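Please inspect the sequence and the structure before reading each solution.

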Amino acid sequence: MKPSSAFQLSVQVLTAVIMLGEVNGARGQEPQHFSPKGKMPSKFTIELQEQQRRVLPFNDKRDFEEAKRGFIAAPPYRKIMNDKGGVAWDIDNWSFLLKGEDYDSIHPSLQRQALLNMEYGLFEVVPGIYQVRGFDLANISFVKGKTGWVVIDPLTVKETSRAALKFVNEKIGQRPVVAVIISHSHADHFGGIRGVVDDAALAAGKLQIIAPKGFMEESIQENLFGGNAMTRRKSYTYGDLLPNSPYGQVDASIGKGVASGDVGIMPPTKVINDPIEEITIDGVRMVFQNTPGTEAPAEMNTWLPDFKAFWAAENIVGSLHNILTLRGAPVRDALAWSKYINEAMYRFGDEAEVMFASHSWPRWGRDRIREVMCDQRDMYANLNNQVMHLANTGVTINQIQNVYQPPQTLQKVWYDRGYHGSYQHNSRAVIQRYFGFWDGNPATLVPLSPEDSAPLYVEMMGGSAKIMAKAKELNDQGKYRYSMEILNKLVYAEPHNQPAKDLLADTYEQLGYQYESPSLRNSFLSGAKELRDGVIPVKAAKAGSTDFVRGTSTELFLDYLGIQMDSRKAEGMKFKINLSTPDNGEKFVVEMSNATLTTIAGYQATDADLSITINRSDLEDLMIGSSKLADKVAAGKARLEGNSQVLAQLASTMVQWDNWFEILPGTKQKVAEQPKLDLFDDDDPFVVEPPN
Ligand SMILES: [Zn+2]
């Protein structure tokens, strides 16, 4: 491995993390179950769905009126192609939802939400404010200034945001983009920025990019350290592995799914630092409300006083959101979330005539806006307060999902239903935030791994045949969670027992059909699929990575190298490297000691084994992989002093992770060796940044 390989290898993983893949490619609809092993909903599942149809407030149709209000036009196309020739977006992947059929394989409340998210086209929010909805996971909004557009949240990929801008220009009149507002640090809100930003206008100072405090750092950091595992987990929770079908992926709660194509990021020209900050661009007055630590670590709402319009970013959508996103991220603060909604309600709620957001549909009129704000405020506050109330009575993280219930009045409003965030996993998340994983029982403090404990359970339960018989009996009674409990042990004990895996898959499948939350549904149905078929990697599109590498600070990158190296390969290594990047005046000591890589910024060691001097702009070429360190040295762009062998040592500790590691036992052929890494192989499966 060449000395520069450690850098290039890291960047390959770094870029893999932030790439958007073809997660919801054209699969078409299937009238039958897509899997030969798939099962229809059982009589228990059908009974539960029928019961939900009776008790849920289906006569409240305001969401449908709001989702359609202000409709201007839909484009003549239903499919948006990406620049690589693939499909970036195809709203017809979900056209089975438009047939007016009730599917017993979908929770009726979820089917309703999935239908609401099928709205597609250009909508007027109020005169002068427009939204394109149904082009991607999020909405893109356009505010008319004196001369141009203020664009709010330019979707996930260049291709969909470009199509949206073209469409609004066709329908409302051609205008230049004069500003782009980015609400927060999730890729479905900024990844498509290059589809609406004209580089010349930006260079000439005719275009502003405005983002909340911490935007660049958080956008990259949240997905960097755990990115490989996060992406794999996302493949379950977003249903990336599932066909779009009544038996598969039907919705993503806050949209249909994520578009596939070119994902970028651009640094803001103006950062909103104060809690409340007002600026005017092209005659559009905007009052920003920073809401850090809510749905994202860096996020902000915007009040547009001249339009009497409040834009709620992703803080108020048509769903309970995630306190803990199941793809994995630091747990969020439900109480802070509630407080920011409350502040927005008191500050802007009385004057607002419309509230719109980057997902779901707008709400019009003071009463409706206050109703939604109040119910969303209370939903997050109740989760925090009542879960902690119960925790103080001794209810633990392993029980709360079966104990906590939101208040009856909140259960009756659609936008407080548990779609993106389920009450089950969010209640556990609140306890996680305050107490962590341990329930206080020593038996769960340092437990055996499931694969170690399961054989003992199976032996003591009398073996596989008895477990299978009992699990079938439980399934025949509709007791799927009980059946899951014992089959899970059997599958861990006997990972190659396919009948056991198939029976567990059947169990997961009924549970998936029954759950209202797509996050839960997709996780169970994805588990069922991999138990039946094994792990089948999804080929994903590769997109431009340069933006993300340039956005990654040198220190963050060096910290990341410390994660990407395998400590077990570094036993006995001991060296120090000075790195300095004169063009930005930064310097670092990178030290390997005790098989651990650490970095300190602002220092140089007097006893370093190697000193590297290279401009940050040249270092970026190495990070991207467009150039090698040796070439930079040869070209006089980098200087090495000391023992360059330590770079080879460092490189030898670096590992490329398997993007498709096994989640459920016996679903993947174990590979004896690490896959051989080719740094320049364009066919590597690149993966997806989890958006929310
Ligand atoms: Zn979003």
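**Exercise 1.** Are Y508 and F524 buried or exposed?

*Solution.* The model is predicted, so local features need pLDDT of at least 70, side-chain atom pairs count only at pLDDT 80 or more, and totals for chains, interfaces and linings use all residues. Residues are numbered from 1 along each chain as its sequence is written, and side-chain values use heavy atoms, with hydrogens and water left out. Buried means under 20% relative accessible area, exposed over 50%, and partly exposed in between (1.4 Å probe, protein chains only). Y508 and F524 are both buried.

**Exercise 2.** Determine why the pair of Y508 and F524 is edge-to-face.

*Solution.* Rings of Phe, Tyr and Trp (its six-membered ring) pair if their centres lie within 6.5 Å; planes under 30 degrees apart count as stacked, over 60 as edge-to-face and the rest as tilted. The structure holds 18 aromatic pairs. For Y508 and F524, the ring centres are 5.6 Å apart and the planes stand at 85°, so this pair is edge-to-face. Y508 belongs to helix 17 (residues 498–514) and F524 to helix 18 (residues 518–533), so the pair ties together parts 16 residues apart in sequence. Helices are DSSP runs (H or I, at least four residues), numbered from the N terminus.

**Exercise 3.** Identify the ring over whose face R112 lies.

*Solution.* A charge sits over a ring if NZ of Lys or CZ of Arg is within 6 Å of the ring centre and within 35 degrees of the ring normal. R112 lies over the face of W414, 3.8 Å from the ring centre. K489 lies over the face of Y457, at 4.6 Å from the ring centre.

**Exercise 4.** State where V446 is placed and whether this residue is buried or exposed.

*Solution.* V446 is in the loop between helix 13 (423–435) and helix 14 (450–460). Its relative accessible area is 76%, so V446 is exposed.

How values were computed. Helices (H or I, at least four residues) and strands (E, at least two) are DSSP runs, numbered from the N terminus.
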